[in-house]
Structures are given as C-alpha cells and as structure tokens.
Amino acid sequence: MTVRRDPALDMLLDLNGEVLVVDPEGGHWVRFVVTRVTVSEEKPHGIDYSLTLHGPNGERLVGFDNAHPVRGQKSGPHDHRHRQPTIRPYEYRDAASLLEDFWAAVDAVLRERGVIP
C-alpha cells in the first residue's frame, strides 16, 4: 500500500505534543498527538493521530482519532470522530481537511457552550 504525498502532513506532524488553551477564562483546551506509523489497512495514511478538545474538568468533548475501529467495523481504516456520547466514522481525506474539520467541530462546541459568539 502506497501513501500519496500530503503537503499538509508535515504541518500536522509538527503539532504533535502541542496543548493549546482555547478558552483561558473557561478552561477549554486542545491537544494534538500525531506520529508516523507503518501504513496498514487500519492506518492507510501512515499516521496515528488524536486531536481532542477538553472541557474545564479535563473531559473530552470532541475527538478525531484512529486509535480503534468504530463499533461494528470489522476491517478498514479506523478513522472516526467522538462527540460525546457519539462515535461516528470519519472519512480522512488529507491532513489539511482533518485540521479544518477538527477546528470546525471545536468552534461548534465552543459556540454551544457560549464561549464564542
């Protein structure tokens, strides 16, 4: 299996280990864990990733990752998104789209919570 060149992948990999406070007064923060892995059926993009938004108590509010299969999935990519309490498959297209989709989900939750207008 060959991985096509993704120009935004280096940017995503550079975020590995970053924790960003997105709401200093309310305590919301995001964390990025992104590493290269061997290409496989479960991780055909050659990366292992977890992008998460956390609330003031540390609870995960939103997550995009490929750490495990979605319930009922027997094979194929493990890409999915969490929005408590729901887990849904996520169609990974490229690193830039992953970041765009993640930040859109973060903004949606922060709007719902009244953190941003």
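Leaving aside neighbours within four places in sequence, His54 is in contact (heavy atoms within 4.5 Å) with Gly27, His28, Trp29, Arg31, Glu59, Arg60 and Leu61. The structure is a predicted model, in which local features need pLDDT of at least 70 and side-chain atom pairs count only at pLDDT 80 or more, while totals for chains, interfaces and linings use all residues. Residues are numbered from 1 along each chain as its sequence is written, and side-chain values use heavy atoms, with hydrogens and water left out.

His54 belongs to strand β3, which covers residues 47-54. Helices (H or I, at least four residues) and strands (E, at least two) are DSSP runs, numbered from the N terminus. The relative accessibility of His54 is 5%, and the residue therefore counts as buried; buried means under 20% relative accessible area, exposed over 50%, and partly exposed in between, with a 1.4 Å probe and protein chains only. The side chain of His54 is joined to that of Thr52 by a polar contact of 2.8 Å. A polar contact is a pair of N or O atoms within 3.5 Å; within protein, one must be able to donate a hydrogen and the other to accept it, and residues adjacent in sequence count only if both atoms are side-chain atoms.

Strand β3 is part of an open sheet of six strands, ordered β1-β2-β3-β4-β5-β6 with antiparallel pairing. Two strands pair if DSSP finds at least two bridges between them. The edges are held by β1 and β6 (86-89), each with a single partner strand, so one side of each has no neighbour in the sheet. On average, neighbouring strands of this sheet are turned by 15° against each other, direction ignored; the axes are lines fitted to C-alpha atoms, for helices over the stretch in contact, and angles run from 0 to 180 degrees between N-to-C directions.

The antiparallel strands β2 and β3 are joined by eight bridges, and Val30 has Leu53 as its bridge partner in β3. Four bridges link β4 and β5 in the antiparallel sense, with Arg81 of β5 as the bridge partner of Phe64. The pairing of β5 with β6 is likewise antiparallel, over four bridges, and these two strands form a hairpin with two residues between them. Ile87 in β6 is the bridge partner of His82.

In a regular strand the side chains alternate between the two faces of the sheet. Not counting residues up to four places away in sequence, His80 touches a set of residues including Tyr49, Phe64, His68, Val70, Ile87 and Tyr90.

The largest nonpolar core has 24 residues, and those with the most contacts inside it are Leu12, Tyr49, Leu51, Phe64, Leu98 and Phe102. A nonpolar core is a set of buried Ala, Val, Leu, Ile, Met, Phe, Trp, Tyr and Cys residues joined through side-chain atoms within 4.5 Å. Two or more residues of this core come from each of α1 (9-14), β2 (28-36), β3, β4 (60-65) and α2 (95-112). The most are given by α2, with eight residues.

The 18 residues of α2 should span 26 Å at 1.5 Å a residue, and its end C-alpha atoms are 26 Å apart, which agrees; the expected span is 1.5 Å times one less than the number of residues. At the start of α2, a side-chain oxygen of Asp94 reaches to within 3.3 Å of the backbone nitrogen of Ala96. Just after the helix, Gly114 takes a positive phi of about 75°. The buried residues of α2 pack against α1, β1 (19-23), β2, β3, β4 and β5 (80-83); among them are Leu98, Leu99, Phe102, Val106 and Val109.

Phe102, in helix α2, is buried with a relative accessible area of 0%. Beyond its neighbours within four places in sequence, Phe102 is in contact with Val30, Phe32, Leu51, Thr52, Leu53, Val62 and Phe64. Phe102 and Phe64 are 38 residues apart in sequence and 6.9 Å apart in space, C-alpha to C-alpha. The contacts of Phe64, again not counting residues up to four places away in sequence, include Tyr49, Leu51, His80, Leu98, Phe102 and Ala105.
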